Amino acid sequence: MAGRVDAVQIMTMHGTKGLGFPVVFMPSHFKRNSAPDFGPTYIDTEKVDINRFLNHRQDERRLFYVAMTRAKKYLFITSAEYKIEGKRRSSRNVLFDEIPAKYFMTEPKPDPTKRKPCSVDAVSEEVRFPTNYSELAYYLSCGYDYKMRFLFGFNPGVVPQLGFGKQVHNVINLLHKEYEETKKIPSKKRIQELLDEHFYLRYASEHVKKDLQNSAKSSLERYIKMWEEDFTLSVKTERVFELEFDNALIAGSIDMIKRDGADETILEIIDFKTGKPATELAERYDLQVQLYSIAAREALEINTKKALIHYLDAMKNARVMVETTDHALKNAKEQIGYAISGITTGSFKRDARMNNTCKNCDWCTLCPKRKGYRE
Ligand code: SF4
């Protein structure tokens with residue numbers, strides 16, 4: 001799959017996402033006796049809950065599962081106990097002990113190295129490359145950005161607003177679900193209750209969270225006031241799909257499929273965005289919604305005729321139509337196919353068409369491929 005060469009590859013567990021290998025080694029699985037010691041820190045722990053920045057057991061379990069399931073034939077997990085001055089210094093990671101015993105080889109097996117080598121290509125053909133629009137968009141912005149992010153495993157700095165859009169989408173979905181049961185248009189009080197219960201931003205301080213929650217409340221109240229008819233016309237919110245596309249499997253979720261108010265025989269896709277229309281993002285958003293139109297037709301067999309982006313913070317012209325003609329969807333398919341082909345053949349060059357992307361890129365200070373960089 002992505003970036004595969006016919007040799008031993010050493011990578012982080014995060015970096016293995018989407019890949020598959022005949023044999024996987026996961027060495028040195030020791031139990032952590034306590035949370036990592038950050039030592040002296042300049043962070044004011046009175047104001048910042050440092051626990052929110054630590055890995056939790058469920059995160060570790062998910063990562064362990066991702067790494068384990070990369071193995072197609074053999075998985076070796078190693079650990080060891082050792083003592084210093086008679087005291088035990090390490091023991092196995094408890095996640096290791098959660099693996100059912102039936103999966104272990106307990107009898108001597110013939111040396112696997114004498115067997116016919118496992119074909120790398122055969123594995124690639126069997127497994128579809130799992131991805132989503134957001135990952136493909138990074139590739140389309142710059143192939144090297146994708147490599148930095150998903151193969152090298154760099155993470156951009158955390159911003160307090162991280163997850164804001166997702167939280168607002170979640171509450172919209174809950175509002176629609178409640179309407180399906182009660183047939184009552186949600187009140188301002190109910191919006192506040194749902195926000196109090198479900199609005200959670202992992203990296204925001206209480207003060208920032210409060211501001212963002214108020215902003216979400218205004219957006220949601222405006223949405224219900226101006227687009228109340230969505231509740232009666234909605235067919236489905238958060239419709240998940242998996243679209244087989246070339247040698248990839250693209251997963252996603254369509255915010256809303258609804259009947260058109262003017263002609264209820266027509267189905268349309270609505271994609272909610274927090275914020276106002278922004279020219280620099282229009283192309284990227286259009287491609288996303290075009291991909292969702294393709295997924296609705298080909299993966300869900302729902303013949304949507306229109307697609308619109310709804311900007312939740314726009315005071316007027318909140319809904320912008322996206323072109324979904326056969327010609328537009330054909331172009332969208334070509335772009336998506338280009339990204340999938342580039343990723344799965346390991347082509348991660350800086351895209352020369354995107355000269356302006358470097359200055360706004362998360363890696364602009366450390367990327368050796370950035371525009372104007374001289375060693
Ligand atoms: S700095 Fe430029 S070349 Fe490097 S990853 Fe970002 S956009 Fe690509």
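This is a predicted model: local features need pLDDT of at least 70, side-chain atom pairs count only at pLDDT 80 or more; totals for chains, interfaces and linings use all residues.

Colleague: How many helices and strands does the protein chain have?

Modeller: The secondary structure comes to 11 helices and 10 strands. Of the chain's 375 residues, 37% count as buried. Among contacts between residues at least 6 apart in sequence, 70% join residues at least 24 apart.

Colleague: Now the rings, please. How many aromatic pairs are there?

Modeller: Two rings pair if their centres lie within 6.5 Å. By this rule the count comes to 15 aromatic pairs. Take Tyr-139 and Phe-348: their planes meet at 75°, with ring centres 6.2 Å apart, so this pair is edge-to-face, as planes over 60 degrees apart are.

Colleague: Where in the chain do Tyr-139 and Phe-348 lie?

Modeller: Tyr-139 belongs to helix 4 (residues 133–141), while Phe-348 is in the segment after helix 11 (326–344). The two are 209 residues apart, and the pair links distant parts of the chain. Both Tyr-139 and Phe-348 are buried.

Colleague: Why does the pair of Tyr-285 and Tyr-311 get the label it has?

Modeller: Here the planes stand at 45° and the centres are 6.3 Å apart, so the pair is tilted. Tyr-285 sits in helix 10 (residues 279–298) and Tyr-311 in strand 9 (residues 306–311), 26 residues apart.

Colleague: Are Tyr-285 and Tyr-311 buried or exposed?

Modeller: Buried means under 20% relative accessible area. Tyr-285 has 17%, so Tyr-285 is buried. Tyr-311 has 4%, so Tyr-311 counts as buried too.

Colleague: Which residues form an aromatic cluster?

Modeller: Tyr-138, Tyr-139, Tyr-146, Phe-150, Tyr-338 and Phe-348 form one cluster.

Colleague: What lies over the face of Tyr-285?

Modeller: That is Lys-273, at 4.3 Å from the ring centre. In another case, Arg-319 has its charged end over the ring of Trp-227, 3.9 Å from the centre of that ring.

Colleague: And the serine you promised: what does Ser-293 touch?

Modeller: Ser-293 lies in helix 10, the helix that also holds Tyr-285. Leaving aside residues up to four places away in sequence, Ser-293 touches Ile-269, Thr-304, Ala-307, Thr-324 and Leu-329. Its relative accessible area is 1%, so Ser-293 is buried.

Technical notes:
Residues are numbered from 1 along each chain as its sequence is written. Side-chain values use heavy atoms; hydrogens and water are left out. Rings of Phe, Tyr and Trp (its six-membered ring) pair if their centres lie within 6.5 Å; planes under 30 degrees apart count as stacked, over 60 as edge-to-face and the rest as tilted. Helices (H or I, at least four residues) and strands (E, at least two) are DSSP runs, numbered from the N terminus. Buried means under 20% relative accessible area, exposed over 50%, partly exposed in between (1.4 Å probe, protein chains only). A charge sits over a ring if NZ of Lys or CZ of Arg is within 6 Å of the ring centre and within 35 degrees of the ring normal. Contact means heavy atoms within 4.5 Å.
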